[in-house]
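Please work through each task before reading its solution.

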Amino acid sequence: MMMKMPWRRKSRSFHLQLQGAIGTIQSPFLFLFTNYCHSSTSTLEDARFFTNNFKSASFTRLHDAIASFNHVIHMNPLPSRVHFNRFLSALVKMKQYHTVLSMSKTIEFLGISHDVYSLSILINCFCHLHLGDFGFSVFGKMLKFGLEPTTVTFTTLINGLCMESKIDKAVEFFDDMVARGYQPNVYTYNVIVNGMCKFGKTSVAIGLLKGMADRGCEPNVVTYSAIIDALCKDELVGEALELLSQMRNKGISPDVITYTGLIHGVCKLGQKNQALALMNEMVEQNILPDVYTFNVLIDALCKDGMVAEAQNTFNVMIQRGVEPNVVTYSSLIDGLCISDQFKEALALLKEMVGRNISPDVFTFNILIDTLCKKGLVSSAENIIKIMIQRGVEPSVVTYSSLMDGYCLCREIDKARKVFDLTNEIADIFSYSILINGYCKCKMIDDAKELFDEMSDKGLVPDVVTYSTLIEGMFQARRPQTAQELFKNMCSHGQQPNIVTFSIMINGLCRQGNLDEALTLLKEMEESQLKPDLVTYCILINGMCKAGKINDAKELFSSLFENGLQPNVHIYSAIMKGLCREGLMDKAYQIFRDMEKGGCLPNNCCYNIIIQGFLKHEDLPKASELINEMVDKGFSADATTTELVVHLSQNNDLILSKLRNRSEASKGVQ
């Protein structure tokens, strides 16, 4: 059956194409073949061993396989094509694709004709080597010789196209196969379904799943698992669970891959209890979780701060005889570092090495980053030395963490030295760290110079880089440059995020440009970014400082209308503004409304409202609130104490109470 294929090359012979594909492959087979021809004759016992070894294809080492092949190609008569095919199939299972191509060439030179099976083996090898065009050339030769392709042949080519990310061509070839009367089997469907899922065509894969039964082919656990895994990655866990139910209704038992995909999916949605329930369900059905299943759950628990639960899961893993790997330990070490249990993390590293599991660059980076964030940069340097001694190459992340540590310690020169030494591998993250360091050290010109250097290297600054430098410019009192950077950011297609807008609004408010700040708020809302409480707090504070207390009150009231609950910082900002304007009744009302709204006043809130009453010489109210503040365990700040001393000369009780509380709090510290 001739098939018109768009990938078929018309002008070159198969032999030339095969030669081109193999190129100058230096297979061990060629070397041994030469040696064999010039060696002394084998003993009869050896000859029998090699012959039997070849025919049974029962070798485990490539060296033995090549020796057997070199022996049998000098036999007379030669083995049949069937024996050669079985032998080559065994080599394919060993993933010795180049050797199979070399040997196939030799077999052809010996005059042994190809059959469908041998050509399918060649196609499979080319596909695994990502040489799909050569695979289709072999397919063309098959048709030219009048050989009938099998479903396996088509499936192999479809798999090859999927491996080369040519999913559209794979679907086209699949449809062509069906149109020409070939019946796809479950393996064919699994290949195309898996390919679709990997490339985000999950809905199409589900359509194929539904159509399988109509074509007389029942899906199996592999088909369902691929789609369930894809749905979970897309966070469509509900649909994945429906498919799980459908599987069971069809009498198809889910396997470890199915459950692992589901556990991963529910973990991404933060549903850790459901993940643990799925794990228990697996065990009840005698489906043993493997290391990948445990790793998914342990990593999710650690990232969610549930380190104790992760350690329990780890212990269960060990009890069930599942050996942890570097990923397991790295996840746990990361979780312990995040929860500030660094000693425990180091103990786990020691245990890991004791089990002969070598830490990788990711493991070391976790420890280095934690040490640097704690300001223990010298310890981080020692870890890097150990890392190099163990043959693990530090990555750009390693050096970026070290730079960040130096910047946090205000050792900007050392950070710059690391940057210069690793400049060839420096990425956007590295530049952003150093730019941030320069800004914090008020070396704004150096930060700008580094920012400009990024473009020369072909690196595009991201939203973090821009935001960092914009904030630095405002702090350096260069608002015009900051605004120019913001415009430059937008014109280069870099979408500002909430942090960027908040930095801009804060900078403009501090400069007294309240109208521009409000214009930016509107732009923010139009870009479908919802302002957060930080943004609103900045604006309310800016309005109060500008004397626009009515606007501040209106914005404060709008928070409740928009379903937002003000936090302690927003309450503090509005109360301070009201106190400044002498609106003490309103300030006191808001102070009392805080607790009703579920936001408890803190030390700062008490000091703001007390100072307001003291400044307006309402000593009875101030006294009442001072008693309340002290009873709740809070202390007066320096400003409150100074006002009390000044205004309550005749009220030693208030002053003594404040002093006693202040001394008590110092004693605790």
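**Exercise 1.** Determine how the axes of helix H16 and helix H17 cross, and which residues make the contact.

*Solution.* Step 1: the axes of H16 (residues 272-284) and H17 (residues 291-303) come within 11 Å and cross at roughly 160°; axes are lines fitted to C-alpha atoms over the stretch in contact, with angles from 0 to 180 degrees between N-to-C directions. Step 2: H16 is therefore roughly antiparallel to H17 (an angle over 145 degrees). Step 3: the contact (heavy atoms within 4.5 Å) involves Lys-272, Ala-275, Leu-276, Met-279 and Met-282 of H16 together with Thr-293, Phe-294, Leu-297, Ala-300 and Leu-301 of H17. Step 4: these residues comprise eight nonpolar, one polar and one charged.

The model is predicted: local features require pLDDT of at least 70 and side-chain atom pairs pLDDT 80 or more, whereas totals for chains, interfaces and linings use all residues. Residues are numbered from 1 along each chain as its sequence is written, and side-chain values use heavy atoms, without hydrogens and water.

**Exercise 2.** Characterise the pair H26 and H27.

*Solution.* Step 1: the axes of H26 (residues 444-456) and H27 (residues 463-475) come within 10 Å, crossing at roughly 155°. Step 2: the two helices are therefore roughly antiparallel to each other. Step 3: Ile-444, Ala-447, Lys-448, Phe-451 and Met-454 of H26 meet Thr-465, Tyr-466, Leu-469, Gly-472 and Met-473 of H27. Step 4: by class, seven are nonpolar, two polar and one charged.

**Exercise 3.** Identify the residues that Ile-540 contacts beyond its neighbours within four places in sequence.

*Solution.* Ile-540 is in contact with Ala-552, Leu-555, Phe-556, Leu-559, Ile-570, Ala-573 and Ile-574.

Conventions
Helices (H or I, at least four residues) and strands (E, at least two) are DSSP runs, numbered from the N terminus. Angles under 35 degrees count as roughly parallel, over 145 as roughly antiparallel, 65 to 115 as roughly perpendicular and the rest as oblique. Ala, Val, Leu, Ile, Met, Phe, Trp, Tyr, Cys and Pro count as nonpolar, Asp, Glu, Lys and Arg as charged, and the others, Gly among them, as polar.
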